[in-house]
Amino acid sequence: MVQSECRLLRGLLGFICLLPVCMSTDLCISLKTVRDNLNSSLRRRFMKMNFPINYTIQVHYEEVFRLRNISRLNASNEEEPVMQRDLQDLWLWVSQRGIKRVLMVLPERHPTRRKYLSNLENLFRRFEEIYIKKNEDEERVLPDRIQNIWDRLTDQYYEGWKSVTPKSILDNCYRTMLCLFKECFKEDDNYDYCVLNWKKGKKTT
């Protein structure tokens, strides 16, 4: 009886130890699905060709989240270091807001809404569920640089607007994703996607 209980306890402990690994695997699988739906041909077809030439929409300055923003936020600050989780949180929220910005200007029957963005929005929701479960036990205080961005993004009276093309929203989403979640993609490609010299036609389009 005692031996059976010990075996059961060891099995339970082993399962608990495997939970973070399984959760991390699920997160990467979900994120790779997002990546596949952000590929260059789909972005070009639905976010450029389906819109008038030089068409732009209005977003907040903080909703334009590029690699250079990551580099700037990662600049050394020993008193208030920015954690990778902080940047990942910011990426997820900004990306979802960017998709909503485009959906707001699209008619219900627009092909980009029906055949692409609605599905992409659902994929982000699924990823968010896994991401939140993975990180729900972490408690931390946001550094001022990150908190200031959150405050501006949630301020309904904030007037810092910028004109961007719909495609550029997803271009930035794709590039920063490959940088901030590179652990999920290192088995597919060892390239360092956090570098700033993105060139047309090379890896990154």
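Residue G98 lies in helix α4, where helices (H or I, at least four residues) and strands (E, at least two) are DSSP runs numbered from the N terminus. G98 is buried, with a relative accessible area of 4%, on a scale in which buried means under 20% relative accessible area, exposed over 50% and partly exposed in between, computed with a 1.4 Å probe on protein chains only. The C-alpha atoms of G98 and E63 are 6.9 Å apart in space, although the two residues are separated by 35 residues in sequence.

The structure is a predicted model, in which local features need pLDDT of at least 70 and side-chain atom pairs count only at pLDDT 80 or more, while totals for chains, interfaces and linings use all residues. Residues are numbered from 1 along each chain as its sequence is written, and side-chain values use heavy atoms, with hydrogens and water left out.

The protein chain contains 7 helices and 2 strands, and from the N terminus on its elements follow the order α-α-β-α-α-α-α-β-α. Of the 205 residues in the protein chain, 40% are buried. Among contacts with a separation of 6 or more, 84% are made by residues 24 or more positions apart, a contact being defined by heavy atoms within 4.5 Å.

Two packed helices are described by the angle between their axes and the distance between the axes. Here the axes are lines fitted to C-alpha atoms, for helices over the stretch in contact, and the angles run from 0 to 180 degrees between N-to-C directions. The axes of helix α4 (residues 84–105) and helix α5 (residues 111–135) come within 11 Å and cross at roughly 155°. The helices α4 and α5 are therefore roughly antiparallel, given that angles under 35 degrees count as roughly parallel, over 145 as roughly antiparallel, 65 to 115 as roughly perpendicular and the rest as oblique. Their crossing is left-handed, a term used if the near helix is turned anticlockwise from the far one by less than a right angle, with right-handed used if clockwise. On the side of α4, the contact involves R85, Q88, D89, W91, L92, S95, Q96, I99, K100, V102 and L103, and on the side of α5 it involves R113, L117, S118, L120, E121, F124, R125, F127, E128, Y131 and N135. By class, this contact of α4 with α5 comprises 10 nonpolar, 5 polar and 7 charged residues, where Ala, Val, Leu, Ile, Met, Phe, Trp, Tyr, Cys and Pro count as nonpolar, Asp, Glu, Lys and Arg as charged, and the others, Gly among them, as polar.

Helix α5 also packs with helix α2 (residues 40–49), at an angle of about 150° and with the axes 10 Å apart, so that α2 is roughly antiparallel to α5. The crossing of α2 and α5 is left-handed. Residues L42, R43, F46 and M47 of α2 meet P111, T112, K115, Y116 and L117 of α5 in this contact, and they divide into 6 nonpolar, 1 polar and 2 charged.

Several individual residues were examined in turn. In strand β1 (residues 57–60), H60 is found and counts as buried at 5% relative accessibility. With residues up to four places away in sequence not counted, H60 touches R97, R101, Y158, G160 and W161. The side chain of H60 reaches the backbone oxygen of G160 at 3.4 Å, and the C-alpha atoms of H60 and R152, which are 92 residues apart along the chain, are separated by 8.7 Å.

A polar atom of the T176 side chain lies 2.6 Å from the backbone oxygen of N172. Leaving aside neighbours within four places in sequence, T176 is in contact with F65, R66, L67, I70 and W91. In the segment after α7 lies F181, which counts as buried at 4% relative accessibility. Not counting residues up to four places away in sequence, F181 touches L31, Q88, W91, F127 and Y131. The C-alpha atoms of F181 and Q88 are separated by 7.7 Å, the residues being 93 apart along the chain.

By contrast, N54, in the loop between α2 and β1, is exposed, with a relative accessible area of 71%. Although N54 is not a glycine, its phi is positive, at about 65°.

Note on methods:
Polar contact = N/O pair within 3.5 Å; in protein donor to acceptor, adjacent residues only side chain to side chain.
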